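The sequence and structure come first.

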Amino acid sequence: MKKETLYEIKAIYRDDFRVTGYTFGEGEKALCIIGSMRGNENQQLFCCSRLVARLKRLEEENALVPGKQILVIPCANPYSINTKKRFWCTDNTDINRMFPGYALGETTQRIAAGIFEAVKGWQYGIQFASFYMPGAFVPHVRMMETGYQDTELACEFGMPYVVVHKPRPFDTATLNYNWQIWGTQAFSLYTTNTARVDEESALQAEKAVLNFMSRRQLIKTRAKGGYHSEIVHSTDFISVRADCSGFLKTYVNPGQMVEKGQLLAHILDPYEGYIRSELTAPVHGVISFVGDEPMTYENTAVLKLIREKS
Amino acid sequence: MIETVTQIGLPVDEQLCIKKNRLIPDDGGNGRRISVITGIHGDELEGQYVCWLVQQRIQKHPECLKGTVDIYPAMNPFGIDSVTRGIPAFDLDMNRIFPGDTDGDMNEYIAARIVEDITGSDVAVDIHASNIYLTEIPQIRINKITADRLIPLAKKANVDFVWVHDASTVLESTLAYALNSRSVDTLVVEMGVGMRITKEYGEQLTDGIFCLMKEKGIWSGDVHTDHIPIVCVDPDEVEFLNAQVSGVFVKTRNHGALLRARDEIGLIIDPLQGTVLDRVVSPCEGWLFTVREYPLVDQGSLMARILKGHMDEARLKGGVIQ
């Protein structure tokens with residue numbers, strides 16, 4: 001294992017900003033894994049720390065395939081994690097809206113450029129990503145529909161779902177999108193949580209990455225278990241929206257099968273406690289997202305389902 | 001007449017309302033319409049004064065009003081109320097969610113209703129104030145895909161500078177892009193600085209809005225155009241200066257200054273050690289149309305934008321070598 005600083009910026013009153021990478025093996029740039037890019041992505045950092053520990057062990061046991069190099073960047077934004085701010089501390093910009101970056105541009109453009117310089121040109125790229133809405137997701141692999149995506153490859157993680165997402169204008173400045181455009185097979189891995197560490201789903205993510213590495217012949221150990229992934233499009237997700245605001249009380253979990261008409265959640269009046277609204281499943285399906293904020297706004301997608309295939 | 005563009009119930013005893021004031025002549029007017037919009041970014045307040053001034057002038061000469069004037073002073077009331085650029089509960093830039101979606105979440109729904117309400121206007125002016133970090137000369141920014149259509153209109157808006165920038169996919173999520181795509185000629189104004197009101201710029205732009213109203217047959221009264229803009233259509237004419245080091249910036253030149261090559265714009269200092277970390281100098285001769293206002297800078301922070309050349313035009317606009 002080789003630990004090195006991939007990018008740094010000097011600050012006036014803080015320690016230097018450093019992006020640290022861990023390299024395993026030598027040779028062809030095979031797989032690059034990147035963790036938290038935002039200050040609330042604790043789970044994403046945790047997943048990477050487990051992978052660093054695992055890869056270190058595999059390297060010591062001589063279980064890495066020779067001639068293949070693996071890079072893990074656990075955290076692309078330590079400043080924001082340390083100050084518990086989601087975006088860049090000074091100007092609230094999002095590094096994951098700055099790719100491929102610009103080395104002579106503004107601070108987060110420079111950071112994105114510095115990171116992209118280190119992560120481009122790898123055969124495979126995995127980002128532990130987070131959703132902008134707070135809540136729990138069914139674990140899945142997500143790919144941008146750029147025309148370069150290979151969904152069959154994504155199935156090799158053995159996650160329950162592979163989600164293909166048609167990029168919206170702002171997606172074109174994300175790492176995943178630019179990775180693909182620059183020739184890397186890029187995958188975003190979504191575990192259940194973001195801010196809160198969930199060991200069970202981190203373990204699932206770790207197994208998924210190891211399965212992928214095994215099937216891509218990057219490690220000598222054999223793939224174990226995993227799901228036969230179902231490929232869905234992000235437009236296939238059916239949102240259950242709050243038809244009023246209030247306290248949100250949900251009764252289902254991600255991955256749970258539900259029947260059409262089944263009670264999923266109640267919205268309660270915040271002053272008088274009565275049920276303002278009852279949210280039910282619009283179709284037979286699997287719960288893919290459950291919002292976990294105590295209060296909901298009107299029109300917010302508090303739950304998402306994937307329709308059961310007939 | 002105050003109208004509610006859209007409203008949505010909040011969890012605890014409050015409605016989020018987007019409001020506008022519609023001003024029309026007693027006879028209903030000629031159907032022509034201008035929309036004056038501001039407050040998409042909650043920390044940009046320059047447009048507040050303009051909204052007020054436009055109405056003051058109409059109230060003084062209501063007989064000159066021939067069409068409809070819609071004033072939207074607060075597109076992002078949460079942001080304005082909490083001194084926050086984005087939408088605070090969502091940490092979302094409102095100007096990245098247009099055209100919105102009536103079946104989407106609360107913010108997308110509001111965005112869609114706003115676009116729906118403004119659509120049909122003959123012209124719209126979306127007033128911004130850069131941000132809290134930069135001070136800007138009154139200027140209009142135009143996406144090059146709408147340049148042919150909008151430059152003639154922008155020249156009549158009494159600003160000092162019209163900057164045609166490259167198309168960017170990300171900018172397709174802005175209100176201006178959504179409105180221009182719906183045949184509403186929309187001009188994006190940047191002027192002054194975040195969290196402040198610069199009265200002279202407010203008055204200058206208000207003059208420009210009345211010129212646009214006259215152009216579109218909405219106003220029959222006298223108008224003033226003291227400012228003819230410099231138009232920049234070549235992206236290579238704009239020089240960006242970014243901080244080479246992190247530190248505290250103390251400016252020595254104000255926006256609007258004419259610069260010679262190597263002129264100092266400011267110093268980046270280290271108050272801990274009492275040293276000068278860097279001297280920010282102009283790499284070229286030109287007109288300083290943007291300058292850093294917020295003192296704290298990170299390596300890479302934008303310090304200035306300089307329009308290269310155009311010295312004679314800038315001198316006519318009152319630009320001086322400071």
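In this predicted model, strand β14 (residues 263–268) of chain A pairs with β15(A) in the antiparallel sense over five bridges, where strands are DSSP runs of E with at least two residues, numbered from the N terminus, and two strands pair if DSSP finds at least two bridges between them. Within this pairing, Leu263(A) stands opposite Thr280(A) in β15(A).

**Sheet in chain A**
- An open sheet of four strands with antiparallel pairing runs in the order β15-β14-β12-β17 (chain A).
- Because β15 (275–280) and β17 (295–296) of chain A stand at the edges with a single partner strand each, one side of each is left without a neighbour in the sheet.

**Contact between the chains**
- In chain A, 28 residues are in contact with 27 residues of chain B, contact meaning that the C-beta atoms of two residues, placed from the backbone, lie within 7 Å.
- Helix α3 (residues 107–119) of chain A gives the largest share of the side of chain A that touches chain B, namely three residues, helices being DSSP runs of H or I with at least four residues.

**Build of chain B**
- Chain B has seven helices and 17 strands.
- The C-alpha atoms of chain B fill a box of roughly 65 × 50 × 35 Å, taken along the principal axes.
- Among contacts in chain B between residues at least 6 apart in sequence, 67% join residues at least 24 apart.

**Conventions**
- Residues are numbered from 1 along each chain as its sequence is written, while chains are lettered from A and ligands numbered from 1 in the order in which they are written.
- As the model is predicted, local features need pLDDT of at least 70 and side-chain atom pairs count only at pLDDT 80 or more, whereas totals for chains, interfaces and linings use all residues.
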